[in-house]
Amino acid sequence: MRIEFTLNGRRRRVDVEPNQLLLNLLRDELGLTGAKYGCGIGVCGACTVLLDGEPVLSCLILAVEVDGKTVETIEGLGEGGRLDPLQEAFIETGAIQCGFCTPGFIMAAKALLEENPEPTEREIREYLKGNLCRCTGYVNIVKAVKLAAERAKYLT
Amino acid sequence: MSMSGKSFRVLGERTARKDGLARVRGLERYASDYYLRNMLHARVLKSPYPHARVRSIDVSEAEGLGATVITFRDIPRVRFCPRLVSTPEATYKDWLVLTDRPLYVGEPIAAVAAESEEEAQRALESIRVEYEVLEPILDPLDSMRPGGPQLHETILLGDEEVRVEGNLACRLEVAEGDVEKGFGEADVVLEREYRTSRRYHSQLEVKSALVNPEPDGGVSIWCTTQTIHNTRLLIHEIFGIPTSRIRVYRLPLGGSFGSSIHTNLVVPIAVALALKAGRPVKLAYTREEDMHDHSSYQMIFRLKLGAKRDGRLTAGELDMVMDIGAHQVQAYPLLGCVVGWWVSLYKLPSKRYRGRAIYTNKVPSCAMRGYGNPQTTWMVESMVDELAEAVGMDPLEFRLKNYVGKGDIFWGQGPTVKSVIESCGVEEILRRGAELIGWDKRPKPGEQRGRYRRGIGLGRGFHTSSAGAAVPGTVVDYSGAILKVNEDGTIDYITAMVDQGGGSLEAHAKIIAEELGVPLEVVNIVAADTQTTLYDVCTHASRGVYAGGGAALRAAREVKGKLLELAARVLDAYPHALEIRPDEELGQGIIYARGVEGKEITIGDLTTMARHKNWGTIASAVSFRPGSCPPHFTAFFAEVEVDTSTGRVRPVRVVAGADIGTVINPDLAEGQIHGGFAMGWGLAVLEDTPYDPETGDLLCRGYITDYKVPTAADMPDVEDFKVFFVETHEPTGPFGAKGLGEAAKNPAAAAVANAISNALGVRFYELPITPDRILKALREKG
């Protein structure tokens, strides 16, 4: 089936199978391997991408569902070659260890800050509890999201 | 400044990790992110029974569909051990790549490769297998009893065939001193049984391999591994491919925590398929398959300790039965480590130990961050609290009176790896931690009423940094480093060591930059593989910074010597009078004669001159074996709140102190401790993989929906988690540094368990301390 959608700011037209998952389309066909397979059943959050701005688990979404919509992946984040404040904050606060969960966390945190630019720590933790990390104990990840939120506030 | 009075330029600074940029942009490529044109997709047929014999297997339909199919007949029948860290006399071999005698639900029987995953799955489902279903045995204590099902008739120890009696995989007994006399001198003797759980690593990246068959008969491999060289050695051992034609790439790992110390089965399966198909093959497990691939060791301890009224320990006796599942990954070395962990916590003038590893029809157990140390430490730290209470001493003072510290003999990785402790910050960790948590104000056990009860607990521990020693022993432990200086002053650092995520290689780059006097930015950690690197045993045993960093430092020293010698020629100076300073503006190091104007040259200019004058490449290659395995020490103070209505436990505050020698990456080191606590929390209150006695399969059937690990919402707030470092100087470590990865976790579960006991006045002898167990204990207490 032919679908047409906006992927990281570009119009894309691709042929997909009716049972093809968005995650597999991104990874296997379009070469965007930032979204990761971690469980395939929507538990770990490693495959999080934004669909019309909403965070979704690409392992639970059919590729045909994004027809006519806008998909943003970790590879599309940041503008004009500059990193997104979240990406910068993740590097600065030591929020990255193995890095496998990082793209999912950054995309989920991106959606959080769009929805709620000044989240409390508990709000951050509640929002991100669908993303699993086995390395960091979440401390530096939460610090990174706080730092990015503070900087965004300062900028506006 | 470090404790030794040395000040560092790069070490201890907060710097952005070099791989951070790729990781935040989603451009880091892990094993499953590799694709090759023309590659086939593989699927594995796994035993649905915990114990069976394959009577017949018919793959004709699958082959008719166009798939490449392999069964045990297609792979050399070489019994092997997937972990090659120990020497042959300490290595038991009982594995086959594919088997006709499956011993756990999920054991690979056959595998297929086809043009797509869907076609591979279809082919897999068309394979007809007739099984003779055998009686399984799931409980290790039942498994030891005579007359029951036997899993292995014989296994290999090195190359020698040995009979297996009573499913006893291996055993170890160690004794020192007169134990009876020791207990006779004690005023208090406690004896308890402790049980831990079978946890799943739940590393975010599932096991994966991509194999390309090369025209020369060799293979190229992109896979999840903590050791590229041992992966290569194992593929050579099984398939007989010349080692130099096996190319295993060093890749980032999406977490591992011990689950890829051994070569994961996906690797030889994908190799066999690729060789047969003559095409690249990719095999990536699903999460459910991954959970049927590896688990931690479950341990059942019987511990007896004696102490005098003044708090001094007199004797100890430990009997351990360990459920290792269906195969040995590293059970025998672990038996040695458990006694090592046990006797290196507190001084025991006399001690006796018996450890037995037992086969069961369960997923094979392997190391999981701490390698038995978290379990052992929970046991000891639980009993130490009880002993302190029995003799009327503050548990913290009791620990200070008995701990193994500077000048004492440390059993490192067991009875074969002993060394003398040369740096130790235990006392300062305990004193500062106690102050920060408010140890003196903690409640008396059991004094609280009401629904929510809070308690404070202490867990103290350590881990070895590497498995180095003064003598060879039975553990291989050495690392390699290659350094090349480029014509623009940049440095290529080439190592086989895999970074599990903790930042070991980042630490190496800092060590090199520190030694060479160059900006950190010019040290490049270059892509590498088995063909282009020196041997490194494995990233395990918290050896990344200590052993790998030791190799990097020595390589840097050699390169520095060569640079100074060549610069001396050019500058008409003496090499020993020259120094190197970083020039941030030029972005490289400058070699100069102190106090003499104009006598200087950049490393880039010198290297370029060396090229034009045909002096050759300025480079070094060093293979380094650490002569010691110093312990790094940690302690956790945890405050928890128990909801006595639901049995749920919540962490309120954590204070963690660590002595890791010189701190190289402060934020990453803190991160290790944060993550270690989360994993320790899981061990203490959450994680287990129980089996269904009816099916012999995991009760959760591999779905992580039913395997809860801590989430962000379960952990304390940032400001309620304090980490501090007590800086010591380890004379055998690179710039005084030691390891951290495992002590960052080891005593965390003990602290949590002791905090729960402090809150409720009830002790728990089985992990995890679930809400059910808490409610039951409260009911029994009345």
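This note sets out points on chains A and B of a predicted model.

1. Basis of the model. Residues are numbered from 1 along each chain as its sequence is written, while chains are lettered from A and ligands numbered from 1 in the order in which they are written. As the model is predicted, local features need pLDDT of at least 70 and side-chain atom pairs count only at pLDDT 80 or more, whereas totals for chains, interfaces and linings use all residues.

2. Overall form of chain A. Chain A contains 5 helices and 5 strands, where helices (H or I, at least four residues) and strands (E, at least two) are DSSP runs numbered from the N terminus. Along the sequence the order is β-β-α-β-β-β-α-α-α-α. The radius of gyration of chain A is 15 Å, which agrees with the value near 15 Å for a compact globule of 156 residues; this radius is taken over C-alpha atoms, and the globule rule is 2.2 Å times the number of residues to the power 0.38. Along the principal axes, the C-alpha atoms of chain A fill a box of roughly 45 × 35 × 25 Å.

3. Burial and contacts in chain A. Of the 156 residues in chain A, 56% are buried. A residue is buried if 20 or more other C-beta atoms lie within 10 Å of its own, exposed if 12 or fewer, and partly exposed in between, with C-beta atoms placed from the backbone. Counting contacts between residues at least 6 apart in sequence, 62% join residues at least 24 apart; a contact requires C-beta atoms, placed from the backbone, within 7 Å.

4. Domains of chain A. Chain A is split into domain 1 (2-76) and domain 2 (85-155), with bounds from an automatic or database domain assignment. Their centres, taken over C-alpha atoms, are 21 Å apart. Domain 1 of chain A brings 14 residues to the contact and domain 2 of chain A brings 13 residues. On the domain 1 side, β3 (48-51) and β4 (54-57) of chain A are the elements that give two or more residues, and β3(A) supplies the largest share, 3 residues. That side divides into 8 nonpolar, 4 polar and 2 charged residues. Here Ala, Val, Leu, Ile, Met, Phe, Trp, Tyr, Cys and Pro count as nonpolar, Asp, Glu, Lys and Arg as charged, and the others, Gly among them, as polar.

5. Contact between the chains. Chain B contributes 46 residues and chain A contributes 44 residues. On the chain B side, the elements giving two or more residues are α1 (20-24) and α16 (666-686) of chain B, of which α16(B) gives the most, with 8 residues. The chain B side comprises 19 nonpolar, 16 polar and 11 charged residues.

6. Strand β1 of chain B. In β1(B) (residues 40-46), 6 of the 7 residues are buried. This strand runs parallel to β14(B) (residues 281-284), joined by 2 bridges, and B:His41 stands opposite B:Lys282. With β5(B) (residues 108-114) the pairing is antiparallel, over 6 bridges, and B:Leu45 has B:Ala110 as its bridge partner. Strands pair if DSSP finds at least two bridges between them.

7. B:Arg543. This residue lies in the loop between β23 (523-525) and α14 (544-571) of chain B. B:Arg543 counts as buried because it has 29 C-beta neighbours inside 10 Å. Not counting residues up to four places away in sequence, B:Arg543 touches B:Ser465, B:Ser466, B:Asp477, B:Gly548 and B:Gly739. B:Lys282 is 261 residues from B:Arg543 along the chain, and their C-alpha atoms are separated by 31 Å.

Technical notes. Two residues are in contact if their C-beta atoms, placed from the backbone, lie within 7 Å.
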